[in-house]
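Have the view open while you read.

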Amino acid sequence: MTNRQLELKAVALRRAMLQLIFNAGAGHTGGGLSCMDILNVLYNRVLNVSPERFGDPMRDRYVQSKGHSVEALYTVLADRGFFSTSDLATVCRYQSYYVGHPTRHIAGIEMNTGALGHGLPICIGMALAAKMDGAKYRVFTLLGDGELAEGSNWEAGLAAAHYKLDNLIAILDHNTLQITGHTREVMCNEPLDEKWRSFGWEVRSVNGHDYAELTKALTDAPAQDKPTFIIANTVKGKGVSFMENVAKWHHGVPSEVELKQAMSDLDAAEAALKEVAK
């Protein structure tokens, strides 16, 4: 898919995710919108995984450590055919497996997540197993800003460098906001690039909404014997004017009026992309 095709797909994915959250009556809206472009690139351009090959031991692994943004992941997995898009109507419904965090009951999901700070340590084990088996698959995980306050991430960071896991790629959805405000005010973790380099990682900083930059960062060969940490600079609530950079939309369900406005914003973005394409 071209960059323009991915950009158009992202508009459709954001629409579907917003409708999902509205129907479910719950959801982490802002973070789902900020990480959607990352997931779009991963599943449509980077990951060696598909519904047909999900049981293949040589598939790439993806673990969503910021599991609270599962609505974005559900939307992308449905679009890729891991399960029917009709399943999205059951999110947060009685006896549905589609709950507010990823679970292995759902096709395409590698690991239960939700307790922050678990995804990266789990991926250390997966990447180390690949090294021990001589397997060529890669392991990817997506982290959130606030999640880096968990010490388990930094322990995992030390372990990944110690074991020279150059088959491991951690991506930070760096939208600079968490549920109670700006991360730098809640628990400052900057400068992130210097910290991860000092831990022995290869660090790449990109615009997390630019498909060319994301693709290059995710597909360029890793530094020898070093895990890769990608700082994807994003906008919380990306694509919806009244949600962008607003902390209260970390978790929130739009009203009917707000949903209509959000869809209007996305319609305008789609029209602009099509006009440029002409």
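Which residue lies over the face of F54?

1. That would be R59, at 5.0 Å from the ring centre. Elsewhere, the charged end of R61 sits over the ring of Y137, 3.8 Å from its centre. Keep in mind that this is a predicted model.

2. Now for the inside. The largest nonpolar core has 54 residues, and L42, Y43 and Y74 have the most contacts within it. Several elements each supply at least two residues of this core, including α1, α2, α3 and α9. Another core, of 26 residues, lies apart from it and includes L120 and A160.

3. Y43 is worth a click. Its neighbours include V49, L73, V76 and G108, and at 5% relative accessibility Y43 counts as buried.

4. On to the rings: there are twelve aromatic pairs in the structure. Y43 and Y62 have ring centres 5.8 Å apart and planes at 80°, so they pair edge-to-face. Y43 is in helix α2 and Y62 in strand β1, so this pair ties together parts that are 19 residues apart in sequence. With F82, the centres of the rings are 6.3 Å apart and the planes at 85°, so Y43 makes an edge-to-face pair there too. Ring pairs also join W154, W196, F199, W201 and F229 into a cluster.

5. Last, helix α9 spans residues 256–277. Its buried residues are L259, A262, M263, D265, L266 and L273. Viewed down the axis of α9, they fall within an arc of 155°, so they line one face of the helix. α1 is part of what covers them, while E256, V257, K260 and E275 are exposed on the face turned away.

Methods: Residues are numbered from 1 along each chain as its sequence is written. This is a predicted model: local features need pLDDT of at least 70, side-chain atom pairs count only at pLDDT 80 or more; totals for chains, interfaces and linings use all residues. Side-chain values use heavy atoms; hydrogens and water are left out. Helices (H or I, at least four residues) and strands (E, at least two) are DSSP runs, numbered from the N terminus. The expected span of a helix is 1.5 Å times one less than its number of residues. Buried means under 20% relative accessible area, exposed over 50%, partly exposed in between (1.4 Å probe, protein chains only). The arc is that of the directions from the helix axis to the C-beta atoms. Contact means heavy atoms within 4.5 Å. A nonpolar core is a set of buried Ala, Val, Leu, Ile, Met, Phe, Trp, Tyr and Cys residues joined through side-chain atoms within 4.5 Å. Rings of Phe, Tyr and Trp (its six-membered ring) pair if their centres lie within 6.5 Å; planes under 30 degrees apart count as stacked, over 60 as edge-to-face and the rest as tilted. A charge sits over a ring if NZ of Lys or CZ of Arg is within 6 Å of the ring centre and within 35 degrees of the ring normal. Lists of a residue's contacts leave out its neighbours within four places in sequence.
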